[in-house]
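Dear colleague,

I am passing the structure below on to you, followed by notes on what turned up in it. Please read them alongside the coordinates.

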Amino acid sequence: MKSPFVKGILDGVPIALGYLSVSFGFGILAVRSGLTSLISVIISAVNLTSAGQVAGIAIIAAGGSYVEMALTQLVINLRYGLMSISLSQKLDDSFNTPRRLLVAYGITDEIFAVASAQSGLLSARYMYGLISVSTLGWCTGTLLGASAGQLLPASLTDAMGIVLYAMFIAIVIPPAKKSRGVLAVAVTAAVCSMIFRYLLPWVTGGFAIIFSAIIAAVMGAIVFPVGEQSETEAVSQ
């Protein structure tokens, strides 16, 4: 019988492989923005958030302030706090406060989904295995992408850099096809971003991201509240 740590590693291998390809694009983007390979890997090691890291790189490249960076990361990554609260209901008695804090570091969308799907309570060793192999995949992909960005021709790295943006599109399109609310929020955020980019260029990149995210989220909450949306989907099924 496999130990919980080994089972966590095995369950995390598919996540690690997916992270490997996606973080490769981030590594290229980071190097193109003027960061070194070492700094790029450090960013991946301490963040584990693709959207947050991409937004952070944009703020760094634009010379944004610490306030912009902090607020941007708070808005983009707030969902991880909610995921951690939800997942805390499945943790067994082996989790003390230090272990909860350690596991909270590694909660991402994919890790949350896999952990939530497990039957019974989750042990600390299982979560360690799941998070460690996923983190390794994310950091390894970043290192490979950053190294490639320094060695490959600019024309090739420009083409490969689109991998990260393709991932965001792939994440948004499936739920947007099923939910008008998700589609409306995505379109609103894109329109707001374009307005800030072309009509309000004096607004820095970091605050443009913050305002776009907040406006889109508020619009979605008002026009497509979760309760009404869920009832509509239930009727359609």
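On one side of helix α2, L38 and V46 are exposed, where exposed means over 50% relative accessible area, buried under 20% and partly exposed in between (1.4 Å probe, protein chains only). The buried residues of α2, which spans residues 37-47, are S37, S40, I43 and S44; because they cover an arc of only 125° around the axis, they lie on the same side of α2, the arc being that of the directions from the helix axis to the C-beta atoms. What covers them includes α1 (4-32), α3 (50-61) and α7 (124-151). After α2 comes L48, whose phi is positive, near 55°.

This is a predicted model, in which local features need pLDDT of at least 70 and side-chain atom pairs count only at pLDDT 80 or more, while totals for chains, interfaces and linings use all residues. Residues are numbered from 1 along each chain as its sequence is written, and side-chain values use heavy atoms, with hydrogens and water left out. Helices (H or I, at least four residues) are DSSP runs numbered from the N terminus, and contact means heavy atoms within 4.5 Å.

The whole structure holds 2 salt bridges, each defined as a side-chain nitrogen of Lys or Arg within 4 Å of a carboxyl oxygen of Asp or Glu. D11 pairs with K7, their closest N and O atoms being 2.9 Å apart, and both lie in helix α1, 4 residues apart. The other joins D109 and R79 (3.0 Å, N to O); since D109 lies in helix α6 and R79 in helix α4, the pair ties together parts that are 30 residues apart in sequence.

Best regards

Note on methods: Helices (H or I, at least four residues) and strands (E, at least two) are DSSP runs, numbered from the N terminus.
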